[in-house]
Amino acid sequence: MHSLYEIETTVKRVTKHQGLSWGIAEEAGKIVRILEQSELPGLESFNRLINTPYSECTKSIDLQINNQKQLCPIHFGLFFLDQSHHFENQNQFHINSIQEPLLIIPFLIKAAQKNLITFNFSSNEINFTITPGKVVSFDKKNIPPQANNIIFDISNQRQKQYSDETWNYLYQLSLETFVEESEEKKLSGAGAGLTDND
Amino acid sequence: MQIDLRKPEFVMKLNRLGSFHQSKLSFLRSFIREFKDWDFETKEISLDEMGFGHCVYVVKNASKQYSLVCFSNHLDDNERSDRVIATKWDASFVLFDGIPSTEDIQRLKDNVPLQEQGRVTEKELCLSRANKSVRVFEHVVDQLSQGKQPDTKILYDVGYLYRTTAVYGSGKFGLADRIKVQDREELKGPFRLEMMLVFLARQFTFDMVNHVAYQRSPKSAVMLDDNIARNLGIGNSTGLGMAPFIVNHPALLNQWIHSREKALQAIRKLPEVTKDELEIFHSYLLTIQENIQFWKTDSEYQIKKNTELSEDLIQFKKYLSKTSLEKFFWNSLYLWVEENTQPECCELIVSLLMEVYPDLVEPLSYEMSIDEEDYFDIDTSRTIGDICNLIENNYGWLIDINFETKDNIYNFWYYSKNKQEPRMSDRFNEEGAELELPLAIARDINLLYKQLKNHDPMEHLSKYLQKSQEYRHVLRRIFICEKLPYSEIQDNTISRSLIPVDMLRLKLSFFGATRFDPRSDRWVRITMYQGAPLMKEISLSDDTWSYKKIA
């Protein structure tokens with residue numbers, strides 16, 4: 001097995017070899033490192049990407065154009081990392097296809113945490129939601145080489161994930177840690193005097 | 001009294017950085033301070049009569065162990081080379097996390113002597129190799145085998161028995177990633193593991209000469225005298241491979257320099273200086289003046305610097321003899337030195353000042369690491385005008401450099417395919433410039449600045465990045481430099497006038513190296529741990545060993 005350092009530097013150099021700038025190459029090395037450290041097959045994904053062949057990938061991300069095809073996941077991820085502070089409320093984009101969707105995930109995690117936004121990615125092959133929280137889950141065994149018919153939602157509105165009954169029940173239980181006050185305590189407990197007109 | 005940190009535009013020039021000396025903040029010294037209460041033991045010496053085989057040294061406390069496994073192999077004289085392109089060495093070393101099993105040692109034996117061509121695993125932390133100083137090694141073994149101690153004149157002219165030619169760590173060649181060990185308390189300072197490897201390898205060199213001398217003549221052989229051994233360090237031969245590190249790790253570089261500058265500032269701010277403190281300073285000054293005579297070099301560049309250093313020290317002593325202990329004495333002294341001496345002397349005095357105040361300086365060694373990941377991301381919500389201001393404020397020195405002039409873009413840095421090491425070449429006469437590494441920081445920020453000046457200053461950086469990602473790598477640095485002002489070398493690292501040895505010297509001084517001996521403008525020999533306590537006496541170290549008289 002290779003160290004994370006070896007993986008990161010190798011991916012960085014290969015990305016540069018594909019004609020991308022050093023700055024993008026540094027980002028690519030970092031995301032593959034993060035994926036491998038998270039025990040996700042980032043290096044395999046990256047290898048497939050550059051053999052797409054990579055020159056056929058769409059690197060220019062333009063949200064004004066619906067249904068862009070065969071998007072490069074590095075450019076896609078970087079776009080949302082760089083541009084997410086612009087998004088307000090709800091945004092939805094339709095994309096025809098993205099290569100190696102696994103590679104966009106570390107970018108989106110950073111963007112979500114930095115800008116407190118949520119990304120919802122739905123496609124024929126894989127669905128996942130990335131939030132400003134720390135937990136991300138998807139089926140590790142089902143990571144497709146390409147995602148098609150994508151609906152990509154961005155929102156800065158946190159969605160409620162529980163019922164009112166659940167909240168009310170838990171809230172009532174939490175009150176059990178409070179102390180019932182006598183009339184005397186009500187007057188003295190907060191530390192205020194009997195008269196506050198001094 | 002208001003005494004500021006020295007300004008980055010003063011400190012971060014290569015002629016000054018290339019004049020830094022070892023100090024209390026140097027990593028080999030902080031290593032000894034950190035580990036002096038650990039147990040050091042020789043666990044195994046399995047060498048044949050010629051000294052070939054392996055040895056194991058262990059460093060441990062109640063809960064943790066580290067082991068150095070050393071391999072000694074036969075090497076023909078015509079195969080011995082300090083160049084990084086060498087493929088065989090007299091000795092090779094690996095620092096193991098824990099105690100290696102017999103199977104581990106066999107696996108390491110098959111791989112460690114091969115160095116870059118072998119593979120190690122995440123059980124291993126650092127990798128290194130060394131060659132004998134043949135003349136010194138033979139002299140010592142010959143004398144010891146005859147029951148005599150070696151001629152210290154010969155020994156101290158060189159300063160070591162073996163010299164390492166590379167020390168690798170942090171994930172190289174399959175080694176454990178830094179992330180595996182970064183939270184360990186004992187490893188909070190930079191390069192602790194590398195310093196441990198070199199310290200233990202030094203002990204191996206002593207055991208080696210004692211072993212071979214004994215095997216040569218068991219009846220007459222004596223052991224190398226401790227007083228002589230203590231004044232031997234371990235050499236190191238370093239080329240350009242080390243230089244890009246300080247460019248590639250701007251946040252880390254800032255921590256190193258900032259700690260040093262904070263130490264100097266704290267000392268200059270002291271309103272009172274006692275006679276005892278001044279006496280300590282005097283004694284270190286005297287010792288260093290005597291030890292400079294052992295700083296041998298054939299480099300005209302270094303000879304000139306050393307000559308100036310000696311002359312400056314004479315003037316400095318004259319100045320010192322005329323001063324009295326007035327308020328803010330150290331500040332006055334420092335200002336005189338800055339005004340009247342060359343950087344080589346000025347930075348030596350800075351190091352000497354630190355020796356007087358261990359309580360002020362030593363805690364700063366824990367501020368010399370940083371999580372570089374925290375500084376990786378770019379804030380794209382900033383405006384173009386903001387970025388231009390940052391460049392004007394922090395990189396003003398590069399704005400007027402003409403990067404169309406041949407001499408200003410003369411060199412390019414590249415990665416050698418043969419040895420996986422960075423190198424530098426003449427852009428106009430050698431091939432490969434299209435594969436240039438992103439180390440031309442001054443040129444790229446200059447070009448970025450020119451581009452940004454053509455944009456609306458109120459526009460967000462994100463908009464610029466939608467159109468161009470060419471300079472993303474230096475944009476990252478501009479944000480780092482905003483927060484960490486000592487993160488950039490303020491010189492053009494591709495200019496024809498660049499002296500790369502200055503970059504090596506900067507890094508090596510923080511390691512704690514002494515006796516800088518440039519062999520060209522691109523590689524240097526140095527000594528580490530000369531005068532340091534021996535392995536068996538490390539617990540007695542009071543961190544004053546750097547300024548003991550060598551002979």
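Leu193(B) touches Leu95(B), Leu125(B), Cys126(B), Gly169(B) and Leu187(B), leaving aside residues up to four places away in sequence. Two residues touch, or are in contact, if their C-beta atoms, placed from the backbone, lie within 7 Å. This is a predicted model, in which local features need pLDDT of at least 70, side-chain atom pairs count only at pLDDT 80 or more, and totals for chains, interfaces and linings use all residues. Residues are numbered from 1 along each chain as its sequence is written, while chains are lettered from A and ligands numbered from 1 in the order in which they are written.

Leu193(B) lies in helix H8 of chain B. Helices (H or I, at least four residues) and strands (E, at least two) are DSSP runs, numbered from the N terminus. Leu193(B) counts as buried because it has 24 C-beta neighbours inside 10 Å. The cut-offs are these: buried means 20 or more other C-beta atoms within 10 Å of a residue's own, exposed means 12 or fewer, and partly exposed lies in between.

Next, the cores. A nonpolar core is a set of buried Ala, Val, Leu, Ile, Met, Phe, Trp, Tyr and Cys residues joined through C-beta atoms within 7 Å. The two cores compare as follows.

| Core | Residues | Members include |
|---|---|---|
| Largest | 156 residues | Leu95(B), Met196(B), Leu197(B), Ala201(B), Val209(B), Ile445(B) |
| Second, separate | 44 residues | Val32(A), Ala112(A), Phe119(A), Phe121(A) |

In the largest core, the members that touch the most others are Leu95(B), Met196(B), Leu197(B), Ala201(B), Val209(B) and Ile445(B). Helix H8 (residues 192-216) of chain B gives the most to this core, with 14 residues. Met196(B) touches Phe31(B), Val59(B), Tyr66(B) and Leu95(B), again not counting residues up to four places away in sequence.

Helix H14 (residues 329-340) of chain B has 12 residues. Its buried residues are Phe329(B), Trp330(B), Asn331(B), Leu333(B), Tyr334(B) and Val337(B). They pack against helix H11 (250-268), helix H13 (300-322) and helix H15 (343-356) of chain B.

Chain A has 7 helices and 4 strands. Its C-alpha trace spans about 80 × 40 × 40 Å along the principal axes. Buried residues make up 33% of its 198 residues.

The two chains meet through 16 residues from chain A and 22 residues from chain B. Helix H1 (4-17), helix H2 (22-37) and helix H4 (73-83) of chain A each supply at least two residues of the side that touches chain B. H2(A) gives the largest share, 5 residues.

Key:
The expected span of a helix is 1.5 Å times one less than its number of residues.
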